[in-house]
2 protein chains.
Amino acid sequence: MLKQETLSKNQQIVLDYIEKVNEPIKAYSILHNVQKKGIKAPLQVYRALDKLVEIGKIHKIESRNAFVACKNSNCQISKATAFSICESCEEVSEISDSKLSKYLKNFQDKAGMKFNKYNLEFFGLCKKCSFK
Amino acid sequence: MLKQETLSKNQQIVLDYIEKVNEPIKAYSILHNVQKKGIKAPLQVYRALDKLVEIGKIHKIESRNAFVACKNSNCQISKATAFSICESCEEVSEISDSKLSKYLKNFQDKAGMKFNKYNLEFFGLCKKCSFK
DNA sequence: TGTTAATTGTTATAATATAACATTGTGTAA
DNA sequence: TTACACAATGTTATATTATAACAATTAACA
């Protein structure tokens, strides 16, 4: 079988919802919100999430156990992710900085380990929150 | 009250164990292993973990929900963490690379957000596993 | 010594995620 | 077009990770 070109029903339902809310959202929150579409159980959501992460349509914000839609149209950098996270309002935005990604992709640790993936999460206060 | 200089009893028990195992370990695994020391409940472990993370004695590997002792003696960089993670054997090592940390500390995103903390996790195969 | 904050102990429960198994759908090649 | 292989689905149960709430105790220090 060739690499899947179209999403399955559940995958599409979950992706549609994540793209609609446009902010990090948790698995059980997704579940509550797609039940009207016929998805009834956590596993149905988690399986869709797994696949969507795998193909780069969404990313997991590890420190928050939440998922966001990928903002890099064609998802070429799904194995090289960076986010900024406001510790006050929890706003998350994906960082697309070619210098940063180039730097990290080429990073070699002292043990000579070759990386094929990384995830970077920055924490701080967003502009709005830093003036409060 | 001044900043705490000595660890509390539970904090010390948990830290001792984490330092002894010398690899990432999960909260409930810690719990099982320190029950002989009188720690009975998850909360006792989680509270110790929270404090130890806060003061930089340990770090959380977010993608694995596991905790490791900090390798940087005086823990000055506890707000700037980087790890390499082998996706095969799950070996984790802390990266201490002053160029990398300098680069990331000074990174400015396009929204002008000022960061006070970051966590970076690299994934790949360690030397041993890449020859299997 | 009185006050405040940190820590502890304890029970219960919330939140996140996977196991196991039976069934159905889909692409492709004989 | 049938048979195969694999992906996806549906379902129930359960595992794993983490916090809420509240009472009691301990430690620092003005």
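User: What should I know about the model before we start?

Analyst: This is a predicted model, in which local features need pLDDT of at least 70 and side-chain atom pairs count only at pLDDT 80 or more, while totals for chains, interfaces and linings use all residues. Residues are numbered from 1 along each chain as its sequence is written, chains are lettered from A and ligands numbered from 1 in the order in which they are written, and side-chain values use heavy atoms, with hydrogens and water left out.

User: How many residues of chain A are in contact with chain B, and how much area do the two chains bury?

Analyst: Contact means heavy atoms within 4.5 Å, and by that rule 32 residues of chain A are in contact with 32 residues of chain B. Buried area is the accessible area (1.4 Å probe) that two parts lose on being put together, summed over both, and here it comes to about 2,800 Å², 61% of it on carbon and sulfur atoms.

User: What makes β5(A) and strand β5 of chain B a pair?

Analyst: Strands are DSSP runs of E with at least two residues, numbered from the N terminus, and two strands pair if DSSP finds at least two bridges between them. Here 11 bridges join β5(A) to β5 of chain B (residues 114-125), so the two strands count as paired, and they run antiparallel. Within this pairing, Phe122(A) stands opposite Tyr118(B).

User: How do you know that the chains are related by a two-fold axis?

Analyst: Two copies of a chain are related by a rotation about an axis and a shift along it. Copies are superposed by least squares on the C-alpha atoms of residues with pLDDT of at least 70 in both, and a rotation of 180° with 0.0 Å of shift along its axis superposes chain A on chain B (RMSD 0.0 Å). That is the relation of a two-fold axis, which is why the name applies. In chain A, the C-alpha nearest the axis belongs to Leu120(A), 2.1 Å from it. The same surface serves both copies, since 100% of the contact residues of chain A recur in chain B.

Technical notes: Helix = DSSP H or I, 4+ residues; strand = E, 2+ residues; numbered from the N terminus.
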